[in-house]
Amino acid sequence: MAYDAKTQKAFVTNGAVSGFDILSFADLESGKFTEVASQKRLLLADFGVEDVKDITSIAVHPTRDLVAISAARNDKTDKGYIVFVNKNGGFLSSVQVGSLPDMVTFTPDGTKALVANEGEPSQDYSVDTEGSISVIDVTGAPAGFTAKELTFSEDLIDDKVRVSSRGSKLEQLEPEYITVSADSRTAYVAMQENNAIATIDLVEEKIVSVKGLGVIDHSVEGNEMDAIKDGEIKIEKQPILTYHLPDAISTFTVGGNEYIITPNEGDTRDWDAYSEEKKVGKLGEIELKAENYAGYTQEELDAFDVGLLEDFKVTTESGYNEETGKYEALYGFGGRSFSIFNAETMELVYDSGNEFETITKEAAPEYFNSDNEEVAKDDRSNSKGPEPETAVTGVINGKTYAFIALERFGGIMVYDVSNPASPSFVSLLSSRDFSVTQFAGDLEGDDAGKFAGDVSPEGLQFIPANQSPTGKALLAATHEVSGTVAVYQFE
């Protein structure tokens, strides 16, 4: 979702119809539940943009009457589009960009639109396009907009970036999400499958670096996890390393320093022709080595029953010793946490460790690690747990807060990050109705059409008090499964 403070309109992608809805937030009132209907629904087909599979992102210009929509083609390996409309939904122009444009955003100064072209392979791997970044100068008339494509080179990639999969190194790079520094001089791009962040110099319009984020060691105190799907809650030390694999990242500034917050969701290369994902029980021979873990001695690992983790999903691309033919470490997907990195150095400043699982265990034990399409306790423990998807930050009464959406559980974590090295948990928000145990699309008869509140938060938009229709800070959350937008107000 994108929000325009001047018109108090929200623009929400609608993947089901390859279009977007325009909502008015003008009638929202403090202390009152308000249901907001769509003022207008527009399809990309209405603008003559054909052969479009999905709308992936939407952004509102900070000052101009301009909205940008990213659209992937039916064949996702073909070049996609950025469609520009005005805030009433009137078509202005379209610009061709790289394959599978996954996210579009404007720079804070309004001079550029930036696009992350993910460049995923086809299911059969017959085509695997390289990911790229498109830069569109939006200072002139929309009819004259053109895209400059920034491409990667191998010399930019450090040795922690995940590029040991199928295809060339450059084919494996998949830009996912873009966040921009407050001064509009630098962009940071999440490369989710690569467990990396790319830095873009927006003044020179060039890619500066691609740096890997490392791993989280779940044998260390504070990083325990529930890795076993058995209907019980067991947050325990495990011989598991997980890649952060962040999705929708965000930047914030404290004390003149820029920081990047990453929701460590996890994602895999899982296509018809190739998949890196496998359960531990089907890996083959495993002989774990203590040199890979900070929290185990070799004696403890030798006594550990790896069979307990037989259903836990790991990557086959890491931890394998070709000389011995055995896996010496287990690498999972997503840290089940959020992290804060120094934007200049990409050094880790903070990670929330096991807090998401610990907090949801206390707040809603019957729905711990539930899925987003049905209520099932402990259902996601052997995969990515609560699955943090999106992070945004905002300032309320002088304090900087981070909001992290948990896609599977269906909640939003709120942290005070005024001290980036030592954030503090504030609250867990959820407007999901857990009494409905299945997603409405799976129900029949009298139950058809029901939905379970707001399920599976996918995108977040913070609206500061001075831009809010109620005069108080708001957080809008788009929900993928229920197809709803929830707006929360902070007193």
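**Figure 1. Charges of the protein chain in the predicted model.** The 40 positive charges (Lys and Arg) and the 86 negative charges (Asp and Glu), with His and the chain ends not counted, have mean positions that lie 3 Å apart. Each charge is placed at NZ of Lys, CZ of Arg, CG of Asp or CD of Glu. This is a predicted model, in which local features need pLDDT of at least 70 and side-chain atom pairs count only at pLDDT 80 or more, whereas totals for chains, interfaces and linings use all residues. Residues are numbered from 1 along each chain as its sequence is written, and side-chain values use heavy atoms, with hydrogens and water left out.

**Figure 2. Fold and dimensions of the protein chain.** The protein chain holds 3 helices and 34 strands, assigned as DSSP runs (H or I of at least four residues for helices, E of at least two for strands) and numbered from the N terminus. Its radius of gyration, taken over C-alpha atoms, is 22 Å, close to the 23 Å that the globule rule (2.2 Å times the number of residues to the power 0.38) gives for 491 residues, so the chain is as compact as a globular protein of that length. The C-alpha trace spans about 65 × 55 × 50 Å along its principal axes.

Figure 3. Gly 255 sits in the loop between strand S19 (250-254) and strand S20 (257-263). With a relative accessibility of 76%, Gly 255 counts as exposed, a term that means over 50% relative accessible area with a 1.4 Å probe, protein chains only. Asn 419, although 164 residues away in sequence, lies 9.3 Å from Gly 255, C-alpha to C-alpha.

Technical notes:
Buried < 20%, exposed > 50% of the residue type's maximum accessible area, 1.4 Å probe, protein only.
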